[in-house]
Amino acid sequence: MAASDQAPSMLVPTDDEMLQAQAELWRHTFSYLTSMTLRCAVHLGIPTAIHRHGGAASLPDLVTALSLPTAKLPFLRRLMRLLVHSGIFASDDAGTTYRLTPVSFFLVDGATAAVPVVDGHLSQVPHVLASTSRHCLDTVAGLAGWFWEDFPAPSPPSPFEHVHGVTPLESTARLGPEDAALFQEGLRVYDASGFAVVLRECRDVFDSVESLTDCDGGDGAAARAIAEAFPHVKCTVLDLARVVGDVPADGVVEYVAGDMFDFIPPSQAVMLKV
Ligand SMILES: C[S@@+](CC[C@H](N)C(=O)[O-])C[C@H]1O[C@@H](n2cnc3c(N)ncnc32)[C@H](O)[C@@H]1O
């Protein structure tokens, strides 16, 4: 028999490997519950409730603050246990009091004076809700269909466009104004997150360049922050025409409308912050 006729030999796992593999498979199969319980916590308003309760709250405190039926307390305990395991909240050793962690700090709702806003960090609630919305879930659930489809050249739609017929940011008519606003707001708070830290920690990088193009620069918030902190850097923002086409010149940064796969305005450095 020719070698090519022989069935490929399969590596048979050991008992230990099989037990481990079964556990791994369950972990991967159910890992969506991590983001879904995060969504549930945000929807219920648990981070805001803990914050308003002085930074620590027991289960009865939460049941009252969230106006839940008291019979839900044991289920809330299970939810909180999972969220503590995920690092969203912290608990005392007895598991009776829950506190915010740096992660849930970003999920305290609203940007009012009563809410901690550090370094211009905005509440990330809209980003979490948009990214875990049924539109995004439908998108990933349809991923195999996207692979099967033989799209006409030159470039395939994104999986989101394939399922919904629009991009997340053009979704007003197709997905409804509320969801469209959520995606817009989600992107806005996502874009604003963390950049003050980058400006502080990467001073050497910005000190050493005279010109920079922020590729996919969105509304130019990051480029404006660079130009303010490092006035010697000439900043250019490149984004699609529908994003920067109508932005009026502000004398701080230059806006260029275009596709980065066609053209990138020349400069000493290119920033790609997604
Ligand atoms: C997630 S946002 C990031 C915005 C910004 N870089 C930030 O972090 O604040 C992605 C941006 O990329 C832009 N974009 C997507 N494809 C692009 C392309 N081919 N050329 C230029 N910009 C593009 C989108 O319009 C959007 O504003």
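These notebook entries record what I looked up in the predicted model shown above.

**Entry 1. Ground rules**

I number residues from 1 along each chain as its sequence is written. As the model is predicted, local features need pLDDT of at least 70 and side-chain atom pairs count only at pLDDT 80 or more, while totals for chains, interfaces and linings use all residues.

**Entry 2. Domains**

I noted the division of the chain into domain 1 (30–105), domain 2 (125–192) and domain 3 (206–272); such bounds come from an automatic or database domain assignment. Taken over C-alpha atoms, the centres of domain 1 and domain 3 are separated by 41 Å.

**Entry 3. Nonpolar cores**

I looked up the largest nonpolar core and found 19 residues in it. The term covers buried Ala, Val, Leu, Ile, Met, Phe, Trp, Tyr and Cys residues joined through C-beta atoms within 7 Å. A residue is buried if 20 or more other C-beta atoms lie within 10 Å of its own, exposed if 12 or fewer, and partly exposed in between, with C-beta atoms placed from the backbone. Ala41, Val42, Ile50, Phe89 and Leu107 have the most contacts inside this core. At least two of its residues come from each of α2 (32–44), α3 (46–52), α5 (73–85), β3 (97–100) and α7 (125–131). Helices (H or I, at least four residues) and strands (E, at least two) are DSSP runs, numbered from the N terminus. Apart from this core lies another, of 11 residues, including Ala222, Ala223, Val253 and Met271.

Not counting residues up to four places away in sequence, Ile50 touches Gly55, Ala56, Ala57, Tyr98, Arg99 and Leu100; contact requires C-beta atoms, placed from the backbone, within 7 Å of each other.

Leu107 lies in the loop between α6 (102–105) and α7. Leu107 counts as buried because 24 other C-beta atoms lie within 10 Å. Leaving aside neighbours within four places in sequence, Leu107 is in contact with Val42, Pro47, Ser123, Gln124, Val125 and Val128. From Leu107 to Asp191 I read 16 Å, C-alpha to C-alpha, across 84 residues of sequence.

**Entry 4. Ligand shell**

Which residues come nearest to the ligand? Of the 15 residues around the ligand, they are Asp191, Asp216, Gly218, Met260 and Lys273. A residue is near a molecule if its C-beta atom, placed from the backbone, lies within 6 Å of it. By class, the shell has 8 nonpolar, 2 polar and 5 charged residues. Here Ala, Val, Leu, Ile, Met, Phe, Trp, Tyr, Cys and Pro count as nonpolar, Asp, Glu, Lys and Arg as charged, and the others, Gly among them, as polar. At least two shell residues come from each of α12 (177–192) and β5 (234–239).

**Entry 5. Positive phi angles**

Most residues other than glycine have a negative phi. I recorded Asp216, not a glycine, with a positive phi of about 60 degrees. Asp216 sits in the loop between β4 (211–215) and α15 (221–229), and is partly exposed, since 14 other C-beta atoms lie within 10 Å.

Ser67, also not a glycine, has a positive phi of about 55 degrees. Its loop runs between α4 (59–65) and α5. Ser67 is exposed, because it has 9 C-beta neighbours inside 10 Å.

I listed the buried residues of α15 as Ala222, Ala223 and Ile226. They lie on the same side of α15 because they cover an arc of only 100 degrees around the axis, the arc being that of the directions from the helix axis to the C-beta atoms. These buried residues pack against α13 (195–201), α14 (203–207), β4, β5 and β6 (253–257).

Tyr255 lies in strand β6. Is Tyr255 buried or exposed? Tyr255 counts as buried, because it has 20 C-beta neighbours inside 10 Å. Beyond residues up to four places away in sequence, Tyr255 touches Gly220, Val237, Val244 and Val247. The C-alpha atoms of Tyr255 and Asp191 are separated by 17 Å and are 64 residues apart along the chain.

**Entry 6. Two further loop residues**

I found Thr167 in the loop between α10 (159–164) and α11 (172–175). Thr167 is partly exposed, with 15 C-beta neighbours inside 10 Å. Cys202 lies in the loop between α13 and α14 and is exposed, with 10 other C-beta atoms within 10 Å.

Definitions and conventions:
Contact = placed C-beta atoms within 7 Å.
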